[in-house]
Amino acid sequence: MRISRRHFLKMFMGAVAGLSAGCTDFEKISTGWRSSEKWGNPLEEWIPSICQQCIGGCGLLVRVIEGRAVKVVGNPLHPVNRGGICPKGLAGIQSLYDPDRIQTPLKRAGERGEGKWQPISWEEATAIVVERLRGLKEKRLTNSLVIIAGQFQDLREPLLHRFTDAYGTPNYIRNRCFTPNEVSKAHFLMQGVTSPLGYDLMNAGLILSFGCSLLEAWISPVFQLRTFGHIRQERPGNRGRIYVVDPRFSVSASKADQWIPIRPGTDAALALGMAYVIIQEGIYDRKFVERNTFGFEDWTDGEGKSHVGFKTLILNEYKPFTVSSITGVPVEDIFSLARAFVNRRPAIALGEKGLSYRPNDIYTRMAIHSLNGLSGSLGSKGCLTVQSDVPLTAWPGTEQEESVRFGNSQPRIDGAGQGKYVLATDAMENLPGNILAGRPYPVEVLFLFHTDPLFSHPKRDTFIKAFEKIPFIVSFSPFLDETSHHADLILPDHTFLERWQGSPVRHSSGFSLFSLGRPAVEPVHSTRDSADFLIEVARRLGGGMAKAFPWKNSEDLLVQTTKGLYHSREGYVVSLPEEEAFRQFLEKAGYRIQETRSFEIFWDSLSAKGAWWSPAGSSAEVRKLIRTPSGKFEFYSNTLKNQMKRAADEVGGMERLLADLGLRARGDRLYLPHYDAVEAQQTAESIFTLNTYRLMSMSGVTAAQPWLQETLAPHVAESWENWVEINSERARNLGIRDGDRVWIESRKGKIRLKARILPTVAPSLVHIPFGQGHRAYGRWARGRGSNPNDVIMTLEDTLKGFGILSGTQVKITKA
Amino acid sequence: MTNQCSWGEGKIFFWQVVVLVTFYVFIFGVVIWILRLIWLSWQLKDVFSGSIGISLVAIPLFLFLLGVYNYVFWGILLSRKRSGQGRKD
Amino acid sequence: MKVGLISSMIEGKRHWLLLAGIILFVLIVVFFFTTVMGRGVKQPIQFNHKTHKEQGVECSTCHQYVREQTFAGSPKIEVCWECHEEPITESREETKIQQYAKENREIPWVPLYRMPKHVFFTHRRHVAVAGIQCETCHGKVGEMVKPPAKQLKTLSMSACMDCHRDTGADNDCLACHN
Amino acid sequence: MALWGMVIDLDKCTACQACLIACKSENNVPFVGKQQADRGRIISWLEIISETEGEYPEVRTRFIPRPCLHCDNPPCVKVCPVYATYRNPEGIVAQIWERCIGCRFCMAACPYAAKYFNWHQYRIPESMEKGFNPDVYVRRWGVVEKCTFCSHRLLRARDRAAAEKREMRADEYVPACVEVCPSKAMYFGDLNDPDSVVSVLGRSPRAFHLLEDLGTEPKVTYLMEGERHALL
Amino acid sequence: MHSSRHRLNFEEHRILFDPIQNPRRGISIFMGILLAITAWGGFCYILQWRYGLGASGLNQPVLWGFYITNFVFFIGISHAGTLISAILRMAKAEWRRPITRMAEVITVAVLYIGAANIIFDLGRPERAFFLFLYGRYQSPLLWDASSITAYLTASSVFLYLPLIPDIAILRDRFADRKWLHRFYQVFSFGWDGSPRQQKVLNIGITIMSVVVIPIAVSVHTVISYIFSMTLQPMWHSTIFGPYFVCGAIFSGIAALIVMMVVLRKIYHLEPYLKPIHFNYLGILLLVMSLLWFYFTFSEYLTGFFGHEPTEMRVFWSKVTGTYAPYFWTMVFFNFVVPVLILSFRRMRTIGGVLVASISVLAGMWLERFTIIVPTLANPRLPFPSGIYFPTWIEWGLMLGSFSFFVFLYLLFSRFFPIISIWEIEEGREVGLEEVEERIRSYLPETAGTFNSREKERST
């Protein structure tokens, strides 16, 4: 019955505080909402908005009373979430009313990162930025403006891109761990499609997920959750099956029909092992393979040079026993999986994102995707599809003066798309190094949009150094996060409930959709919509810039842009399911009712209902889905071949390139899905492989929302900090008890975390949820647990040019 | 034992009665309380029977205690008065 | 010492002590009632309900939401404006309306009858549906020449419940509490 | 008279915890902060209970969202000394905050630990109080609080119906958790109506109750994971 | 005749009057210290009142802790008095005479504190009066409220009645102390020991001692109901009623013994409290200890044998888990120590008995604790089971309670004789013959004695 001293002191403090709190204190509590007792008019209204807590693009309805947003719920009409909403979305109000928001534009007063700020007016702030940019323009240094934009889904994305274009810099760099708005590389290489991921999950008979945390944090969580509910119990016909291949026993895994624990990074082997079974037993979709695929059988090209085909490769190299020994998956499981995958068609193999990422991961993705090819899961119901584009009004073209063209013609600062980054659209990994080295040219101005690399990127220290080299850094974050601390100027953006939003949502399910969000409440502080700001800046810069940004403000931008929706004779503003059913019925019969007489009416109903969509997008036919040179689904990717050739020329010789990429494969295997052996596991008593994962309710952004801080995970009762999950037996050997503090140490550094001993963890792994360990970012987020990025060795998937957050070897010791 | 310190019969008796009355008040307070509870349970359709059951024990008990106290109180006071002649032999 | 005091009262000496005690007590009570209980509200405009009623203005004309919403609502400036755009009397109070209108801000009426937050009360249901007169709960505000500084009727839970019982309305806790 | 009940389909539930936050947001449930959280004082009317069996790799985890089960035979009501908690005619087990004396007997008696106590007057930053729901009373220190099936919504739905001079439809009243469930795993309705979705699902062979053997007769029914039955 | 007896008393029982007549400075200081500690407790309570119950270490699963433990414990102790003295009176155990009063005082003093601890435990103490306005007889808490009130009333009366003759004695003894004298005058009801008065008083006492016993039993049964009426594992048990009562008497006797030893020391009551008393009480304690063990054993065995999983979670957390230290210390204190000491005549010295009693008090407190906390810490549903550390506030209040109890006790001893004078006298005058008579009545008449007595009669 002892009380620790800390406890005692804490209690004493508390008690004294309690004592000092006068009776009035208890009254004070209600003041905040007393306001609603105010007379006059507490009529409630529901305003549609779009959730920006993640990129899922759910439609929201905000309950507003007396200009106070008191509740956020899912928009029942919105095709993505149909009234559903995830914890992050619900906590949106807390970010709106966060006491630690930046309230006015701030100008750095002290040294960088010192945290001394001087509030300035928007007028002044704008002036500063404009003057800077004009300066660069005059010096023909436009290309030394760099914009780093994080993970968001909005019209500001193209807007920013446009800004860089019109201004004359190629450096519009996205900092994302995951890119749903772009085509998956594997799909691109094997199908040639250039539009983003599309899966008709709702109708799939079996979903085989390689490490995609379907039910936690994938492309569009709520959409997936809805899908899950739908295929499990709602839709007629048999109950959809879900198999999860994942080294971690995620929530998705625990809700799946079967969890296949696998040695990290060996997914390719498993996929190809399954391919072996499918081919060997001849149960693959012969018709599809013969008609629509390339490189399955051995073949000879134009010069009569014979090439090894997918089939041969597989049959030679991926016998189940071999695969089993590589992946640690029992042979019988490989068989049963393979058979299930074929028998329960339509089946989809999902392989984007997940713990399986490893260097040269592209082949893993291709291997997984090849399963879709084998089972012919293209072009029919419940299979792969593509995101059809949204018919928005094209923005007026930008006629560019010479200086701009010159700027745009410069190489990207991060080297994406060149040399060994041949497939990369952005190469964040490479960025800080280049900035430091001033290669190929020094950076003058940096804009930070909705991104916090100093928190979310493992190369934190390098970034800080790199930032020191940049004379002028502007952050548009509404919160004083780590990166903003190192900025010179902070132009606080609205939070998403305060501003106009429009987004052509990417949500993986094919149909094209445009969401519109009205400002739910008046801006709480003197913040400003960054879109407005950009338009303003462009106008002031004048010339081509001004012409490229002809809009008054973001609302005007939306109005102009959505005209296209009205005039395109397809799709309609979302409405009740019954109406939609009726419409679709009519459309099948070939009729189409134009509901709205004028664009104004259309706009009103759009901004009242919150979304426009055209359901016709899903289940496209094969032709739409395969755009390769050969016009076929390419097991043997000619696209990749060409790309690599180009890259080889840039760096001077294929061998050189392959050396850079660290590829072991040679010859035809380079262009076929294959498995590259992963680095050998160290086997010491205290060495583990570190894996970070994302919780449903916690991402780096939502760390500042108390509700979520107290509702971190369903599988462990933890709050306000993150933890490390360790296998029971190994923990026992290390003498670590549940709840102990432990050091997680890699060659890069060490962090201290609470250990949670779980029977579900693989002995060789430890898992740390991502999102905690902020060094800034307000009172709720700062100093909660510690940031796994501090120990993650930045491996890099060179081809695709982004960092790998798993696979670091760490040593765990009791603290 | 008649000295300046001691009170006259009257005053003493007054205070004794005060004590007794407080006791009365207390007991009847309790009884009323219990009745109130019963009434409530009737009003709110709570377990009326149970309340009755308990009160069947409780109320008589308290009254009984009151009785005993009374008995002793008066018993002693009164017998003292009459004990005048009893003292002789 | 205390004992001594009491005794002196008992023994009838120094009656003034007893008296002092009583007076003190009375003072305390008075003080309490004047300060804590009797804190009246002062309205920005000395609104005269009586004359308006005599002009045939219904309660619901100014408290416009009484039939549509859970709350009755206080008169918005434009409501006053409809009649008082041109001064129709030479009352000083009336000029205030122009004043507020000029500054175009709402008249900061002070709520007088308020429900505790754990009670849900809906005007429309009581007035529009049940057809209860305003006076029943608010007293004869209509006959006052000044805005009442105190509630003419105190709204107590028992009052609500009695009425509910008599009218056979739902008397379950959850019928009003949230 | 309706009898309100809930059905939670565990085969659809994804443990996403949306219901938790929806509840907190709707009912002004305070977040208690790190210090209090560490001392096990988080208030969360609806909790997701997780149970893990087995050792790697043969493991199984079950997630069960647990609101107040609004028992028809509530152990908590039996023991309340002051009528602060009671089962109302429509089956909602209510907690009257202003009556509660904070003896926590009901908490001790509830086998589901569905009741929570305001250990302090929890203070929320002024700015955040703007986000409070004006429909729901913010509990003060020292009282027990619990899930109310969002009875305030029932109140207002009734009122709306009454104002429009009509009977309230059952679907007008839905608790916040059910409203937002992304996978539509939660159903709410009138158990007295044999055709209501909750009654129908309640008859499913997958249906079971939490700690059924205690005879508390919860009005929250769970459907266990597994194949859909011909019934539905 | 009476007056003569009084005079004799004054001389003889001077020890008993000393605390009243010329109280020792040391004791006054000690009382001052106690009061100070109590005040500290009061301060702690004010803090808690300001800060909310959060000032305690209670948390989500473990929502009852020290306060409830103390409540049960104190009410338990209260059984010392009334019950024991009542039983002894009924049993006509002559050795009771110097003990009864002490016992009864314990009861009255401790009941208040027990009740107070319930108030400490309320989240909204200022609403406690709701119990009277809106109380609800379905709740065991209300059963408690009424039975404790009854017990309090009964035992106050029971304490008061035997006090009357002594007050009378004091009245005569302190004729020169103005207020004290008047005070005694009022409360002695003008007792002058006339046979009729004695008759009345004896009847009163006898009735009371009959009535008090069932009440006392009911009180602790009802307290046990607070727990056993819930569905919680290791609470929901039929044995709890008698188990608690037994425990209560057990701890009661222990408390009584401790009190006796202390007072004996500070008031030099050696002539009144002889080793024999402690010896007898020791034996009583031993019996209760065995009885307690029997109950505990059967309680836990049934739990274990039934092996219901939820029960077992609690069971193991007590036997091997988090609460094992408390549990085993409890067994050690409640069973091993007293039995070892008290079984041997040689060790049933005052010192020995004292040690045993103290260990029993500690043990019984732990028993209450291990009954309440582990069950709450292991709820039926697999929640994270809670850990409970009392805060200094709780400690403060606990200390306060204890010191206030002792304070009250000493306060009483400042105004009334802690040993019933007249009963001693009665013992001398009536008791001896009575006992002799009784013993003789047990035995067969012998001719010798018969004749001799005949002779006496005739002469």
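Which residue in β8(D) is the bridge partner of I8(D)? I looked this up and found M186(D) in that place.

**Basis.** I note that this is a predicted model, in which local features need pLDDT of at least 70 and side-chain atom pairs count only at pLDDT 80 or more, while totals for chains, interfaces and linings use all residues. Residues are numbered from 1 along each chain as its sequence is written, chains are lettered from A and ligands numbered from 1 in the order in which they are written, and side-chain values use heavy atoms, with hydrogens and water left out.

**Sheet in chain D.** I traced an open sheet of four strands, in the order β8-β1-β10-β9 with mixed pairing. Strands are DSSP runs of E of at least two residues, and helices are runs of H or I of at least four; two strands pair if DSSP finds at least two bridges between them. The edge strands are β8 (186-190) and β9 (207-208), each pairing on one side only. Strand β1 (residues 4-9) runs antiparallel to β8(D) over five bridges.

**Interface of chains D and A.** I then turned to the contacts (heavy atoms within 4.5 Å): 67 residues of chain D touch 81 residues of chain A. The rule finds eight salt bridges across this interface, each a side-chain nitrogen of Lys or Arg within 4 Å of a carboxyl oxygen of Asp or Glu. I examined K71(A) and E26(D), whose side chains form a salt bridge at 2.8 Å, N to O. On the side of chain D that touches chain A, α1(D) gives the most, with seven residues.
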